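Dear colleague,

Please find the structure below.

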Amino acid sequence: MTRPHNSRRAFLKSSVYMGAWVLSIQLPSQAQATSKARAKTQVNLKPSPCNQDWCIYVQINADNSVTLNSPIMDMGQYMRTTGPMILAEEMDLDWRLIDFTPAQPIALARNDKNDVIHAYADINTGGSMAVHNNWDYLRKAGARAKQMLIQEAAARWDIPTSQIRCKNNFVFDSKSKRQFSYGELAEKASSQQVPDDSFKLKDSKDYTLIGTAKHNIDLLDIVTGKPIYGLDADIEGALQVVVDRAPAIGAEIASYDKKAALAINGVSDVIESPRHDVNHWLNGPEKIQVIAAGVAVVADTLWAAMKGKRALKTQWKTGEGFKNQDSEAQIKSFYQTIADDKAPAQLSKNDGDVDKGLAEADFVLEQYYEKPLLAHACMEPFNCSVELKKDSATVITGNQFPHQIATIVEEVSGIDALKVSIHALRMGGGFGRKVEGDYVREAVVLAHKIKKPIKVTWNRENEIERDMFGSACVARVRAGIKNGKLHAWHHRQSQNKGGAQDNNYPQALVPHYKSEICHSSSDIPMGAWRGPMHLQWAFAVESMYDELAEKLSLDPLQFRMNLLKDLGETPYHGYGPSISDARRMAACYQAAAKMADWDKKRPPGTALGIAGHMTHGSYCAFVQEVSVSKDKQLTLGTAYGAIDCGIAINPNHIRAQMEGGYIDGLNAALFNKITFEDSRVVNNNFDKLRWIKMKEAPITVESHIIKSDLSPTGVGEPPTAPAAAALANAIYAASGQRIRRLPISESISI
Amino acid sequence: MIKFTVNQKTVEADDDIADMPLLWFLRENQNLKGTKFGCGIGQCGACTVHMNGNAIRSCSVPLATLANADITTIEGLASKVGADATTSYQVGSSKQTETLHPVQQAWVEGDVPQCGYCQPGQIMAAAAFLKQNPAPSDQDISEGITNICRCGSYVRIRQAIKNAAKNMS
């Protein structure tokens with residue numbers, strides 16, 4: 001669609017408000033954003049399928065302090081800190097003078113298709129795209145605001161704007177010692193009109209804030225236990241609701257003791273919560289069950305509701321038409337399907353002639369690599385507060401895509417979505433799970449029935465049972481070597497749902513390349529798990545690299561360097577970037593290996609493993625040191641990681657993600673495994689689902705950030721994918737035990 | 001009536017809620033939301049508070065067991081130690097200042113939290129741990145700190161514990 005030129009770029013609306021200069025910076029809405037405008041500045045990246053922008057609201061006060069709302073959603077990926085850094089850099093704000101508010105205001109509108117969109121900006125977060133999608137906008141917004149201040153100062157001094165410099169909330173006349181604080185200029189500056197061509201963005205060499213280590217703006221609230229999460233919030237007078245949810249996929253209510261629940265002091269009502277099946281983006285054409293059937297207990301207090309739930313003694317029956325879901329049986333079926341070359345498969349990639357390539361090879365290696373169902377297990381269990389009035393509504397929760405909340409309210413209650421006030425709070429973890437709106441819909445449906453404000457609180461068991469999991473997966477790799485070089489690669493993969501990340505290397509590195517995806521009939525709901533499908537791809541590919549290197553008597557690092565050398569940019573057709581750059585990948589391997597002192601001789605039983613991967617445009621490699629004792633006890637040593645994420649906006653938080661994201665990958669490699677028997681999760685809490693703790697995690701993770709002038713890309717997901725292969729390769733190097741099945745703790749003791 | 005203290009203030013709980021875990025009493029009855037609900041079975045440590053100076057997992061401790069106990073939560077941690085041991089930390093402009101316990105101070109200096117949800121529990125666990133182990137080795141920390149951080153901030157938690165130990169010695 002077309003729209004006026006002026007709305008294609010960020011524009012500023014300013015007004016004088018309560019003695020302070022209020023500057024509101026708005027973005028073209030989601031529907032208005034064009035890929036053309038983005039392509040100009042982000043040559044390496046395609047526009048995101050979910051355009052994620054921000055609305056930032058800056059107020060410059062008369063005392064020269066600044067009040068700033070950072071409305072991007074934060075789930076631990078630090079976007080509430082990173083975004084203001086980009087804006088403040090171009091505005092030349094003094095970071096020490098900024099007060100950050102906890103507010104995350106959400107304004108909604110409708111597009112020409114009547115879909116609900118963000119009125120000014122899309123603050124959603126997911127897919128490691130928040131930095132990429134806001135980089136251009138926030139810089140322009142900051143530069144435009146600064147130009148308003150410059151014009152005001154130039155007018156007062158009667159000098160050309162080119163003579164003016166800005167630094168730390170002050171405007172200087174470069175030919176004299178005159179200066180104004182932003183606070184002095186703000187009120188009048190707010191009426192300055194700024195022509196589009198009158199300002200330009202900073203050169204990266206002039207950055208004073210970007211590239212410096214800044215702390216989390218919410219740090220003090222977190223360490224002092226302030227009520228900043230959805231679970232901490234209450235709508236005044238809300239009733240407390242606890243739902244007894246069907247533990248098995250597809251189960252229905254058989255019976256429950258309503259009387260016993262109502263007999264509990266404080267319990268006011270018991271109502272049924274309906275099952276809800278939907279079409280879902282990751283789960284193919286058939287509907288999947290995203291909301292369990294349940295019995296909801298309504299009470300004055302949470303404790304009464306919890307006791308009421310216990311009193312229900314709900315019995316369940318298998319829902320009609322539901323097949324038994326057994327995760328071990330499903331994984332076994334994945335092996336059978338991919339072993340049978342005649343079994344139906346979707347041809348996903350076919351470069352060259354893989355059969356010919358394998359036939360020509362000097363030798364072919366064939367191996368299978370397995371990954372189980374992964375739980376998200378966000379530390380903060382789901383919760384949602386809802387108040388539905390006659391023609392308006394309030395919802396309080398944490399969600400990665402909060403605008404969907406308004407649509408859900410409208411669908412369920414008929415209340416105009418634009419009349420829904422959404423309080424999207426800091427999330428106690430997301431990892432892709434809170435992209436979904438299932439727990440919001442359940443609460444809205446209940447509020448609609450109960451006709452009073454409610455707060456729904458989940459327990460951990462239900463949170464794990466009703467997860468939308470990271471797919472279990474088995475991949476068969478056949479790799480052929482000719483004249484010492486990788487000549488053919490046949491990847492055949494089966495998993496619950498979803499595709500393969502076959503746009504990643506070794507695509508473009510091998511003349512004959514084929515990828516096939518075998519679909520399964522599993523009905524276990526799948527969702528986005530931190531770098532969806534990337535971890536299994538990197539596990540299979542980077543493990544096979546090491547297996548091939550050994551056959552060739554090559555050092556694993558040398559094998560990778562040989563593969564990537566002489567290759568620069570090649571097209572990338574997956575989510576996120578439009579190219580892969582082999583030089584960037586190679587530089588990460590080398591930097592990680594250098595940090596680890598790769599060639600140093602280590603004592604027997606101690607060794608290094610290496611793996612790398614590109615996720616959503618950022619390149620990352622890790623070297624893991626491990627020790628394996630004679631009695632096969634595994635201990636993790638230091639991990640060394642290198643990342644190329646373009647311009648490093650906040651090295652402190654990039655390092656934090658390198659530590660946490662990698663350790664999450666180690667947890668997926670070592671422990672995270674959900675088991676379904678009789679359609680229900682067997683290990684539905686941390687007593688039965690082992691999770692990585694202090695004693696298993698590396699004592700240190702050393703990180704190196706590759707210097708780059710390219711537009712920044714995300715860091716939330718890229719450090720996770722290399723972990724499993726880096727660990728498996730290290731275990732092999734230390735012990736001679738090659739582990740091709742996750743979780744690794746089932747094969748070696750830790 | 002069950003009588004005990006929370007952050008040095010005397011509180012009373014009716015006998016008919018004697019089976020209620022301390023976690024929910026703190027969050028729902030005392031409006032102290034800093035103590036978090038994670039698993040409900042004492043496995044993750046998000047609900048860690050101090051009972052008579054020792055770390056306990058409040059989701060698994062019923063009020064019935066608390067007669068005359070002294071409970072400290074994250075909200076009361078800083079005021080529990082002497083004024084000399086706390087420092088005021090400032091972020092951004094001067095508008096937000098907090099009095100912090102040395103463990104909180106170390107958490108701030110190390111910028112430990114990611115999502116942050118488990119961190120009050122981690123801090124309470126670390127504060128109690130350091131009283132028993134004023135100069136912990138890596139091995140001591142690995143064995144003594146068993147709270148789950150879903151974001152995997154263990155590297156920074158470990159470093160912050162070491163820094164707090166140094167600052168408190």
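This is a predicted model: local features need pLDDT of at least 70, side-chain atom pairs count only at pLDDT 80 or more; totals for chains, interfaces and linings use all residues.

Residues are numbered from 1 along each chain as its sequence is written, chains are lettered from A and ligands numbered from 1 in the order in which they are written, and side-chain values use heavy atoms, with hydrogens and water left out.

The sheet

Three strands of chain A form an open sheet in the order β8-β9-β10, with antiparallel pairing. Here helices (H or I, at least four residues) and strands (E, at least two) are DSSP runs, numbered from the N terminus, and two strands pair if DSSP finds at least two bridges between them. The edge strands, each pairing on one side only, are β8 (164-167) and β10 (179-181) of chain A. Strand β9 (residues 170-173) of chain A pairs with β10(A) over three bridges.

Helix α3 (residues 130-157) of chain A packs on this sheet and touches β8, β9 and β10 of chain A, where contact means heavy atoms within 4.5 Å. The direction of α3 makes about 130° with that of β8(A); angles run from 0 to 180 degrees between N-to-C directions, and axes are lines fitted to C-alpha atoms, for helices over the stretch in contact.

A helix pair

In chain A, helix α16 (residues 651-670) and helix α17 (residues 723-735) pack at an angle of about 60°, their axes being 8 Å apart. Among the residues that make the contact are A:Tyr662 and A:Leu666 of α16(A), and A:Ala723 and A:Leu727 of α17(A).

Cavities

Five cavities of 30 Å³ or more were found in a search of the whole structure. On a 1 Å grid over the protein atoms alone, a cavity is a set of points where a 1.4 Å probe fits but cannot get out, and lining residues have an atom within 4 Å of a point. Grid points are joined across faces, edges and corners, and a volume is the space filled by probe spheres set on the points.

The largest cavity has a volume of about 110 Å³. Its lining comprises 16 residues, and α13(A) gives the most, with five residues. The second largest cavity holds about 80 Å³ of space.

Yours sincerely

Definitions and conventions: On a 1 Å grid over the protein atoms alone, a cavity is a set of points where a 1.4 Å probe fits but cannot get out, and a pocket is an open set with protein on both sides within 12 Å along at least five of seven lines; lining residues have an atom within 4 Å of a point.
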